[in-house]
Amino acid sequence: GAAAVSTAAQAYTMDAVDRYAEHRGVLLGTMQAGYTLAWAVGPAIGGLIATRAKSACFPFMLIGLFQLLSAPVYLTMLPRAGTVPTSADAATAAAANPAATVDTTTTRPTIDVLAPHTNTLKALFATFDTTGDGLVDCHELEAALKKGGRRESSAQWILEALDKNRDERLSFQEF
């Protein structure tokens with residue numbers, strides 16, 4: 001029960017943070033303060049209720065009852081059908097943030113966090129790509145690892161992990 005409540009609370013909080021990004025600190029701080037207060041005061045209140053009721057089970061039954069009674073309230077907070085963001089919503093969000101791209105499968109805007117670092121990443125890739133063909137093979141990766149003081153034996157493992165199209169070379173996108 002506690003895990004379900006915690007997960008639901010965090011999901012609702014993240015939706016609120018997404019919707020009201022300018023209040024991110026207040027929302028996350030309030031959530032953390034609530035958790036801290038619950039962990040600090042909850043056991044004392046539970047102990048007091050157990051002592052008064054002369055039953056160690058009673059506080060847990062009370063919490064379970066509260067969760068069952070609050071379930072309809074949580075159900076009213078779930079999004080209704082037809083409230084999924086539209087492509088127009090995503091386009092508006094993308095226009096507001098030039099680094100945003102629209103994921104056409106969900107029509108939600110996504111932000112490319114690496115976009116401001118593209119030139120740095122390209123320069124780093126170029127140091128690996130010693131042949132200049134736009135691809136890094138296992139030998140080039142081994143040489144770069146050795147030059148960086150790393151074990152060159154890791155090159156094959158790294159290549160297998162990053163090589164999405166399985167051509168045994170890394171393109172810049174895979175890198």
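## Aromatic pairs

A search of the whole structure finds three aromatic pairs (rings of Phe, Tyr and Trp, the last by its six-membered ring, with centres within 6.5 Å; planes under 30 degrees apart are stacked, over 60 edge-to-face and the rest tilted). One of them joins Phe125 and Phe172: the ring centres lie 5.7 Å apart and the planes meet at 80°, so this pair is edge-to-face. It bridges distant parts of the chain, with Phe125 in helix α5 (residues 118-128) and Phe172 in the segment after β4 (169-170), 47 residues apart.

This is a predicted model, in which local features need pLDDT of at least 70 and side-chain atom pairs pLDDT 80 or more, while totals for chains, interfaces and linings use all residues. Residues are numbered from 1 along each chain as its sequence is written, and side-chain values use heavy atoms, leaving out hydrogens and water.

## Around Phe172

Ring pairs link Phe125, Phe128, Phe172 and Phe175 into a cluster. Phe125 is buried at 6% relative accessibility, whereas Phe172, at 23%, is partly exposed (buried is under 20% relative accessible area, exposed over 50%, partly exposed in between, with a 1.4 Å probe and protein chains only). The charged end of Lys122 sits over the ring of Phe172, 5.8 Å from its centre (NZ of Lys or CZ of Arg within 6 Å of the ring centre and within 35 degrees of the ring normal).

## Glu140

Now to Glu140, in helix α6 (residues 138-147). Its side chain reaches two backbone nitrogens, that of Thr130 at 3.0 Å and that of Thr131 at 3.0 Å. Beyond residues up to four places away in sequence, Glu140 touches Phe128, Asp129, Thr130, Thr131 and Leu135 (heavy atoms within 4.5 Å).

Technical notes:
Helices (H or I, at least four residues) and strands (E, at least two) are DSSP runs, numbered from the N terminus. A polar contact is a pair of N or O atoms within 3.5 Å; within protein, one must be able to donate a hydrogen and the other to accept it, and residues adjacent in sequence count only if both atoms are side-chain atoms.
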